Amino acid sequence: MEGASMRGVLSHLSLLEVQARSRGSQVPQQPSRVKELKAKVEALTSQRDQLKAELQIHKKLQKLRAPVDKRREDGEDEEMDVDSGSSELFHLMARHSELTDLLHAHNLIGGYDAIITNGGKGMCFSLATEYEGVYLDTYKLELNLKPKVKISRHNIPPFIALNSLAEQSNLQTDVRAFLATVSQHLNAFAGRRQQLKLVKEQHKSVEVMESNLLCSILVLMFTVPKDKTPLLCTLEYTDHTRYLPTRVHLNCQDKLLPDSPNWKKNCSLLKEVPVHRALTAIKKASDIV
Amino acid sequence: MDNLAKHLLQRLMRRIPASMLKSTLDKWGRLTAEKRKSLDFTQSKWTITQELVALYVTENPNQGMWHTFQLLDPEDDAHSVELMQFKEQFKSHLSELKRNVSVKIKKHTDEAVWIRVAWGDGLSRPNHLKATYVVHYLQTPYVFVNALSSKNKPLLLQALTLSTKHQQIKAANLSGQKLTALRDLLMRQYQQVFPTKYPSPLPEKLRIEKVQAEASASRHRMAGETFGDGMLPALQSAFFQLETKFKDPTNEAMTQRDEPFICSVKFSSSNLLESLRHCASSGIASTPVTPLLSSIPLKGRNYFVITDNVPTA
């Protein structure tokens with residue numbers, strides 16, 4: 001009995017000794033961990049400094065953009081403690097960002113970039129198109145104003161019936177209405193074309209059977225999951241000022257399928273929502289492959 | 001494809017035994033696999049020959065002579081004419097106007113509708129080797145036509161007008177060998193230049209150099225605005241016919257002539273628009289560019305008749 005417990009204690013003591021020794025060897029590891037943490041601190045400090053500097057510049061620009069009278073009142077100019085060279089730069093940067101915002105606002109409220117040309121006898125308008133927040137092509141339209149308002153040059157494609165639009169709105173008295181109509185047609189066209197592009201990119205299981213340059217007709221081939229039945233869907237965009245179809249028509253060998261409640265719902269969805277989004281929803285409902 | 005080449009092809013095809021036709025064409029390696037698949041080798045050699053010629057023409061549209069026509073006065077539903085409808089209508093209208101014609105219509109991936117019309121008369125079957133080719137983009141007013149005889153012209157134009165739901169069609173005065181150039185010019189598929197508010201600044205120079213540089217920059221700008229930037233559609237010719245009557249009242253013999261004097265001027269170039277742009281920017285042609293030349297890209301035409309009364313017809 002005594003021998004066993006002595007052995008137990010001794011072996012325990014030797015175990016403790018080994019542990020103490022191994023703990024000792026861990027101490028040299030600390031410095032490298034410390035180095036790592038120090039490096040991280042440095043990186044974070046420099047990042048903080050950079051962000052602080054950017055914040056300063058932004059604040060200064062904001063101050064510069066404040067109206068001139070207010071600046072003079074508050075005497076904030078004296079708080080500028082930068083040298084003359086870079087303050088000029090700051091002024092320019094501030095003015096630039098002010099003008100860009102102004103131009104953006106001008107476009108948002110329906111204004112057009114216009115330039116006077118031909119020695120005051122003409123004007124060239126920029127008509128921008130956008131869809132879902134992305135700027136697409138910009139078209140140019142030049143008008144001669146004297147002696148009569150007449151369309152001079154443009155880069156609008158021929159499937160947009162510019163001349164008939166000019167006849168419909170009275171070009172002589174209301175140029176703005178004419179430009180608004182043209183912009184409407186162009187934006188709707190750009191939107192429809194973009195939808196077609198997205199359908200081709202996002203829905204490879206849907207085959208585009210027919211389209212045209214104006215993107216006023218779209219015929220798609222769906223595959224119904226059950227039996228892999230093909231289903232032909234025709235979208236007619238007869239109103240060229242809209243980017244949604246006016247008529248949706250289904251064709252299937254199974255005559256009952258188009259009249260099913262699901263597909264009646266899908267048809268109205270296709271009339272209310274842009275086609276690439278509608279297809280995502282229809283796929284989710286497992287109505288098509 | 002010129003007549004000699006067609007003739008050669010016919011003779012070659014006749015020589016090759018029917019059983020070896022498919023393998024021979026495969027070995028020739030001139031057709032893509034897709035095109036080879038589209039050929040139906042159960043048809044007669046004559047039919048296959050015609051199809052080969054048709055394939056060649058559609059692959060090489062910049063040969064032969066293409067003439068442009070413009071559709072006018074669209075009806076209300078002209079803008080919703082779609083392919084199936086157009087195909088049916090065209091075929092039915094043309095066969096009503098002339099019997100014994102064979103029509104093949106196909107839409108290419110760039111939305112161009114290619115129509116091939118083979119004309120037969122009372123005695124012979126329609127000959128696709130001498131077919132008329134028509135290229136049209138739906139919902140645009142332009143039609144490009146190749147190899148159309150004057151006998152069949154009114155029939156074809158009538159069928160086109162009716163099937164596209166227009167009321168009139170007229171010659172657009174734009175012709176050339178390169179279909180792609182004509183198409184790009186009319187569809188505005190090239191880099192047009194419009195006036196901008198901020199002209200690019202000139203580097204600081206001596207006064208004389210500065211004046212010269214300004215004049216040169218101004219010429220370049222006007223040349224660019226008239227003709228466009230970068231690569232321009234490769235139009236190859238322009239034709240001006242000037243008609244004027246003799247005007248000296250002291251020379252009765254000449255003034256009594258009924259017919260006007262005619263002077264024809266033809267410009268030819270591998271790329272006429274780029275040549276004219278260079279003329280304007282280098283000062284050879286005065287700027288602002290005369291309407292006689294600027295009408296070519298602006299109105300999309302290269303045939304002009306200029307008479308005493310009207311500056312540009």
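**Salt bridges**

Analyst: Happy to! Glu111(B) and Lys107(B) form a salt bridge, their closest N and O atoms lying 2.5 Å apart; the term means a side-chain nitrogen of Lys or Arg within 4 Å of a carboxyl oxygen of Asp or Glu. This is a predicted model, where local features need pLDDT of at least 70, side-chain atom pairs count only at pLDDT 80 or more, and totals for chains, interfaces and linings use all residues. Residues are numbered from 1 along each chain as its sequence is written, chains are lettered from A and ligands numbered from 1 in the order written, and side-chain values use heavy atoms, without hydrogens and water.

User: Is Glu111(B) buried or exposed?

Analyst: Buried means under 20% relative accessible area, exposed over 50%, and partly exposed in between (1.4 Å probe, protein chains only). Glu111(B) has a relative accessible area of 15%, so this residue is buried.

User: Why are Glu225(B) and Arg221(B) separated by about one helical turn?

Analyst: Their side chains meet in a salt bridge at 3.5 Å, N to O. Helices are DSSP runs (H or I, at least four residues) and strands likewise (E, at least two), numbered from the N terminus. The separation is about one helical turn because Glu225(B) and Arg221(B) are four residues apart in helix H8 (residues 207–227) of chain B.

User: Which residue does Asp137(A) meet in a salt bridge?

Analyst: Asp137(A) is partly exposed, at 36% relative accessibility. The N to O distance in its salt bridge is 2.7 Å, and the partner is Arg193(A).
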